[in-house]
Amino acid sequence: MSVATSLRRDEFLEQVAAGLADLPAEDRDEVLEDLRTHLAEMDVDEIYQTLGTPESFVSEFRTSAGLEKTGKLRRRRFGLAGLRRSAAGLRRRLEDFGRRLAATTRWHSIRSIWVWVRGWLLISAAIVLSQPEPFERFPIPSINGQWMGPLFMVVVATWFSFWLERTEAKGSELVSVLFSAATVVVVVTSMFAGITLSRPGYGSVEPVHFTGHLTNPEGEPIYNIYAYDLEGNPVDVYLFDQNGQPIRSMPDWMHEDAELFNEPFYFEYGTVILTRDINGRLVPNLYPLAAFDHEGSPMAPPWVAFPDLGASPSRPSSALEPGVDPVG
Amino acid sequence: LDSTQLLKGVLDTAVLAVLDRGSTYGYDLVRQLRAAGFEDVGDASVYGTLRRLFNGGYLTSEIVPSEEGPARKYYGINGAGTDMLETSRKTWDEFTSVMNSLLYQGEEE
C-alpha cells in the first residue's frame, strides 16, 4: 500500500469520524473500525467511486442507522479558516459550560455577590497600588487621607457593575467580562505588590521617610542613640525625659505598628527591631536600638572621640542628686 | 417504481436473511447483497443497518483475525434476530400475496 493510498484512506476515515463526532466514542470507534477493514478491501480509486464522498457516506449511514442528520462535516484544515473554526468550537464549548454553570443556584449566588463587590474591589485595589495608606477608614479606601473622592468612585463603579448586569445593550456582555477581568488583574497585582512591600531586601521596597522627632543641629533625624561609660565602653541605657516619659527616637506610628505586628521596620536608613520585655511589651527607650543596614548587617556604632577627663573627673557623681552643686 | 426506495424498506430483512445463512463481515455482506441482485445497495446503508440492528440486540459480533489484512468483525444473527427475521418473512409473504393478487388477479382471470 503506497503512502498516497494510505493517506486517502485516512482522509476518508478522518472525515467520516468528524461527521460522527456526536456519537458515543465506543459506537463511533466500532463504526470506524468496520469502515477501516472495509476500505482495506477496496482499491483507492474504488473508495470514492463506490462510497461517494465522506459527506454522502455519513449522510447515508446516519439515515439507515436511524441517527439524526447533522450539518456539514467539520473538515480538519489548517490556516486561518481552521483557526477560525477552532476558535468557534472553543467558544461553543465555553458557552455550553457557561450555560451549565449558570443553571446552578450556587453560581447565581456567587455571581450576585461578585456584581456587588467588583466595583469596590477594582477601585480599592487600584488605590492600594498607588497609596501607602489606602484604608484609613476601612472599607472605604482613601487617597492622601481623603475618602470622599474614593467613596464616590466606588459608588460609580458599583452602579456601573449593576448597569452592566442588567442592560441588554449590544456589547455589554463583553464589557462586563472585561470589567471582571480588569478587577481580577488589579486585585491580584495589588496582592503581589503588598507581599513585595512587606518583605525586606527587595529593590522595589519603597523606603519610609523617617521623620523622627529628635533631630541633630543639621536637622537630620536622630533615630538611634549610643551610650558609653567613662572608660569608653558601649553600654545599654534606658532614656527618659524630665517628666519620666520614655524618650523614643522612632515616630509614634512605628510604635503603634510594632504593637500590632511583631516585625522589623524598614525605613530609609535601614531596619530597626524594637526590644520587648519578658511579657512581650515593647521597650521603646532602650538604646541603642537594634539597627541593621539595607543588606541586613548590624549597624556599627559611630566612631567617636572621648574627652580626656583626667584622673579625677570634675563631674558630678549624680546629676540628679539633690543639694549638690554641679560646679563644685 | 423505484427499487431503491423499496430496498430501504426491506434492507433490515435482507441483511438478516444473509446473516441467517452464516456470520460474515461488512464488506462481504455488501458483496452478497449485490450478488443477490441488490446492485445499488449502498455500503453506508448496509453499515448503518448493521449498526442499528446490532444496537437493537438482534446481532452478535466477533473479531476474527485475517491472513489477508486487518482483523475483521464478523456479524451473526442471534435469537432475537432470528425471531425478527421470521416475523419479517411472514409480513413479506402477506405483503407480496396482497400485491400479487392486486397486480395479477386480472391477468389470471
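**Figure 1. Salt bridges across the interface of chain A and chain B.** In this predicted model, the rule finds 5 salt bridges across the interface of chain A and chain B. A salt bridge here is a side-chain nitrogen of Lys or Arg within 4 Å of a carboxyl oxygen of Asp or Glu. Side chains of opposite charge can pair when their charged atoms come close. Over all chains, the structure holds 12 salt bridges. The rule also finds 8 residue pairs in polar contact across the interface of chain A and chain B, both residues being at pLDDT 80 or more. A polar contact is a pair of N or O atoms within 3.5 Å; within protein, one must be able to donate a hydrogen and the other to accept it, and residues adjacent in sequence count only if both atoms are side-chain atoms.

A word on reading these views: residues are numbered from 1 along each chain as its sequence is written, and chains are lettered from A and ligands numbered from 1 in the order in which they are written. Because the model is predicted, local features need pLDDT of at least 70 and side-chain atom pairs count only at pLDDT 80 or more, while totals for chains, interfaces and linings use all residues; side-chain values use heavy atoms, with hydrogens and water left out.

**Figure 2. The two sides of the interface.** Look for 18 residues of chain A in contact with 21 residues of chain B, where contact means heavy atoms within 4.5 Å. The size of an interface is often given as the accessible area lost when the parts come together. Chain A and chain B bury about 1,700 Å² between them, and 55% of that is on carbon and sulfur atoms. Buried area is the accessible area (1.4 Å probe) that two parts lose on being put together, summed over both. Of the area that chain A buries against chain B, 32% comes from A:Asp34, A:His38 and A:Glu41, more than from any other three residues.

Figure 3. The side chains of A:Glu30 and B:Arg51 meet in a salt bridge, 2.9 Å from N to O. This pair crosses between chains, from helix α2 of chain A to helix α3 (residues 43-55) of chain B. Helices (H or I, at least four residues) and strands (E, at least two) are DSSP runs, numbered from the N terminus. Buried means under 20% relative accessible area, exposed over 50%, and partly exposed in between (1.4 Å probe, protein chains only). B:Arg51 also forms a salt bridge with A:Asp27, the closest N and O atoms being 3.8 Å apart.

**Figure 4. A:Glu41 and B:Arg72.** Here the side chains of B:Arg72 and A:Glu41 meet in a salt bridge, 2.7 Å from N to O. B:Arg72 lies in strand β3 (residues 72-77) of chain B and A:Glu41 in the loop between α2 and α3 of chain A, so the pair joins two chains. B:Arg72 counts as buried, at 11% relative accessibility, and A:Glu41 is partly exposed, with a relative accessible area of 26%.

Figure 5. B:Asp43 forms a salt bridge with B:Arg34, and their closest N and O atoms are 2.7 Å apart. B:Asp43 is buried, with a relative accessible area of 3%, while B:Arg34 is partly exposed at 27%. Elsewhere, salt bridges that share partners join A:Asp27, A:Glu30, A:Asp34, B:Arg51 and B:Lys73 into one network.

**Figure 6. B:Ser45 and its neighbours.** B:Ser45 lies in helix α3 of chain B. Which residues does B:Ser45 touch, not counting residues up to four places away in sequence? They are A:Glu60, A:Ser64 and B:Leu11. B:Ser45 is buried, with a relative accessible area of 14%. Of the 109 residues of chain B, 35% count as buried.

**Figure 7. The cis peptide bond at A:Pro288.** A cis peptide bond joins A:Tyr287 and A:Pro288, with omega about 0°. Most peptide bonds are trans. You can find A:Pro288 in the loop between β8 (286-287) and β9 (290-292) of chain A.
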